[in-house]
Amino acid sequence: MATETPGSGERKPEHDLRVFFAAERTLLSWVRTAVALMGFGFIVARFGMFIRETGVVADGIARGLFSMSTGVSLILIGVLMNIVASWRHVRLIRALRSGRDTSAALNPTAVTTIAILLAILGLLMAGYVYTAIR
């Protein structure tokens with residue numbers, strides 16, 4: 001819906017605050033998820049350090065190395081999620097303020113890429129746990 005500004009023939013888009021609040025809630029949920037991923041990555045990496053310090057070695061490879069790299073990967077994916085979420089939020093807010101179509105601001109490519117990275121990392125972790133208990 002548009003309103004006319006007093007004294008001019010221009011029409012400005014009307015901003016519904018509920019849409020902006022919904023966008024902010026979405027950003028905050030992305031940030032919360034990213035922080036949880038980073039925290040989980042920290043725990044996994046610390047477990048890898050514990051395994052390496054105790055000297056547990058199997059098949060000539062320190063098992064702690066996989067935990068360390070997986071933990072660091074989770075932390076980096078969490079950082080990437082924060083960057084992508086912030087970037088998407090800024091694009092959405094700009095599109096909302098200018099009255100443009102917001103569907104172009106919400107390209108699902110970045111979200112899909114992060115989901116695929118997490119799925120691959122999850123499969124690697126499942127394989128690691130499976131081989132560790134065998």
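R88 is found in helix α2, which spans residues 64-98. Helices (H or I, at least four residues) and strands (E, at least two) are DSSP runs, numbered from the N terminus. R88 is buried, with a relative accessible area of 16%. Buried means under 20% relative accessible area, exposed over 50%, and partly exposed in between (1.4 Å probe, protein chains only). Leaving aside neighbours within four places in sequence, R88 is in contact with L106, N107, P108 and V111. Contact means heavy atoms within 4.5 Å.

The model is predicted; local features need pLDDT of at least 70, side-chain atom pairs count only at pLDDT 80 or more, and totals for chains, interfaces and linings use all residues. Residues are numbered from 1 along each chain as its sequence is written, and side-chain values use heavy atoms, with hydrogens and water left out. The pLDDT is the predictor's confidence in each residue, from 0 to 100. Its mean for the chain is 79. A pLDDT of 70 or more is reached by 75% of the residues. Confidence is highest in α2, at a mean of 87. It is lowest in strand β1 (residues 2-4), at a mean of 49. Where pLDDT is low, the predicted coordinates should not be read in detail.

The secondary structure comes to 3 helices and 4 strands. Along the sequence, these follow the pattern β-β-α-β-β-α-α. The chain has 134 residues, and 24% of them count as buried. Among contacts with a separation of 6 or more, 62% join residues 24 or more positions apart.

The largest nonpolar core has 9 residues: A34, L37, V44, L74, I77, M81, V84, I114 and L121. A nonpolar core is a set of buried Ala, Val, Leu, Ile, Met, Phe, Trp, Tyr and Cys residues joined through side-chain atoms within 4.5 Å. Helix α2 gives the most, with 4 residues. Another core lies apart from the largest one. This other core has 5 residues, among them A23, L92, I93 and L96.

V44 belongs to the largest core. Beyond its neighbours within four places in sequence, V44 is in contact with S67, T70, G71, L74 and M125. I43 lies in helix α1. At 55% relative accessibility, I43 counts as exposed. I43 and G71 are 28 residues apart in sequence, yet their C-alpha atoms are 7.1 Å apart in space.

The accessible surface of the chain comes to about 9,200 Å². Carbon and sulfur atoms account for 67% of that surface. Accessible areas come from the Shrake-Rupley method with a 1.4 Å probe; for residues, only the protein chains shown count as cover. I116, I120 and L124 form a nonpolar patch on the surface, with about 280 Å² of accessible area together. Patches are made of residues with over 30% relative accessible area and no salt bridge; like charges are joined within 9 Å, and nonpolar side chains (Val, Leu, Ile, Met, Phe, Trp, Tyr) within 5 Å. I120 lies in helix α3 (residues 109-133). I120 is partly exposed, with a relative accessible area of 45%.

The structure holds 1 salt bridge. A salt bridge is a side-chain nitrogen of Lys or Arg within 4 Å of a carboxyl oxygen of Asp or Glu. The side chains of D16 and R18 meet in a salt bridge, at 2.9 Å from N to O. D16 counts as partly exposed, at 32% relative accessibility. R18 is exposed, with a relative accessible area of 63%.
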